[in-house]
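Please read these notes with the model open beside you.

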Amino acid sequence: MNAPPEMPAPLLIAGEDAPGTGPVLDAIDPATGDVSARYQTATPAEVDAAVHAARAAHERGVWRDKKPHERATILFEAARRIADQTETLATIQMRQNGKTLTECRAQAKAAAATFRYFASVCETLEGELTTPRGDYLTLTVYEPAGVVALITPWNSPLTMEAQKLAPALAAGNSVILKPSEMTPGCGLALARIVCEAGVPSGVLSVLSGTGAIVGDALVRHAGVSMISFTGGTMTGRTIARLAAERLIPCALELGGKSPHIVFADADLDRAAEGVFGGIFDALGQSCVAGSRLFVERPVYRAIVDRLVARAEALRLGPPTDPSSDQGPLASFGHRERVERYVALAREDGGRILAGGKRPLGSVFERGAYYRPTIIEGLDNKARACREEIFGPVLCVLPFDDEADLLAQANDTSYGLAAGVWTRDTVKAWRIARRLEAGTVWINTYRELSIAAPFGGMKESGLGREKGRQGVRLYTQPKSIYLSLAGGSP
Ligand code: NDP
């Protein structure tokens, strides 16, 4: 066991290090079970201090009143510094959620790209002059929401926190981030870099701590003007209820149980690769994981055999090892949750075709490892097919025709993403339009662009992040009527 770090890392309040007086929080490395870092956590009093500082900075206009190109310059500088610190940021994330260093590096680079993108958007986004009507003009300007609370999960903190911080700051808001208690290190490190790049004092805070204490105090605080949340649907519903009581806007990116569809006329090799990556990249710990696979009956066995062979060949190993395809799951508790779902699937008559167990061997003994698991024989109404497992578990179901497919694919409370594999583009288009999902991939999966709006239908969320309109999420439009009649002295 490595020695735990000597001093817990402080909070960041109003851009400055600040001691937290809540209980110290240990971040656990899921590859070893060791404490990888320790964090001071906030109490409701520190939440209050951060909100007051943010509100005061907003009212002073230190960030809100900067010209767009001035804000953009600072966000570009943040992007440059984040890219320079790729290795440090990637290592922090790897030690807290177990993703391979290769994937963490890619996510740190994506975080830098996100800041670059929103710096550009900030400089180019315009207000509007609406259709002239007689002797007055109507102008629409977009003003920052005010003090924005950002709450994030543990699976991809680098990308997700950048996806909230960059547009919220680009829009001119003061921002308070509450990262997951499992991965506080990424948000703290990103925010420190952003402050060093020139975001003024008072504008940015990061409060480590639990959702029950810090998250709850933040969403209830009267000084918070807007909440942007990514996480589970149950938590999202609780937060939305609190936001509704205060009548403040609330953007929600929630869970998914995404259907991945293979028609008999698809390129089967490419489809099997796409389906495999769609669920087992990041070990299914991804909101868009294609966790329910629907295969047209004539090619069912051909696809399943390819997937089972790929699952058996997948190399689990230490996240630092470049030859590991995947590391451990993000935590020991999460592995137990995945195991409970696999046990449930067995009880419901599911046949385990691959995985369904922890890997054997000394290299895996101390980590939260779990084999990629493929299950057939379940009904689409079984719990493993309906509830988000958020782990490396793929349920495979056959379908007979389009009507049967659409009925099954859309028979879910979620609506985040979906994938379709076919050589018939007319059919692909037809199906894509009928699927109830915020993102549909055709002959590809998990392709993501910062320029494309992202979010969920049904219980997968409210609002869309990313894209040029992603900045608008953090603004409120104001219409100004300017009379041209007799206005001159
Ligand atoms: P949770 O909903 O448990 O937690 C998300 C965040 O909310 C954490 O920071 C958590 O703090 C905080 N939180 C928990 N309870 C409260 C509360 N009462 N008030 C305020 N904040 C609270 O999700 P997980 O962290 O377990 O993440 C996994 C989930 O995230 C999955 O369902 C997944 O689908 C979803 N997700 C969605 C994405 C999307 O874009 N649609 C992307 C990635 C993940 P703490 O950690 O301390 O509990």
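Between which domains does the ligand lie, and why?

1. Domain 1 (11–254 + 460–478) and domain 2 (259–442) each give residues to the shell around the ligand, so the ligand lies between them. The domain bounds come from an automatic or database assignment.

2. The model is predicted: local features need pLDDT of at least 70 and side-chain atom pairs pLDDT 80 or more, while totals for chains, interfaces and linings use all residues. Residues are numbered from 1 along each chain as its sequence is written, and side-chain values use heavy atoms, without hydrogens and water.

3. The shell holds 29 residues, of which Thr152, Lys178, Thr235, Leu254 and Glu388 come nearest (near: a heavy atom within 4 Å). By class, 12 are nonpolar, 12 polar and 5 charged; Gly counts as polar.

4. Polar contacts are pairs of N or O atoms within 3.5 Å. A polar side-chain atom of Thr235 is 2.7 Å from a ligand oxygen atom, and one of Ser180 is 3.3 Å from a ligand oxygen atom. Gly232 instead uses a backbone N or O atom, 2.8 Å from an oxygen atom of the ligand.

5. On its own the ligand has 900 Å² of accessible area, and the protein covers 85% of that (Shrake-Rupley method, 1.4 Å probe).

6. Which elements give two or more residues to the shell? They are α7 (211–220), β10 (226–230) and α8 (233–246), and α7 has the largest share, with 3 residues. Helices (H or I, at least four residues) and strands (E, at least two) are DSSP runs, numbered from the N terminus.

How values were computed
A polar contact is a pair of N or O atoms within 3.5 Å; within protein, one must be able to donate a hydrogen and the other to accept it, and residues adjacent in sequence count only if both atoms are side-chain atoms.
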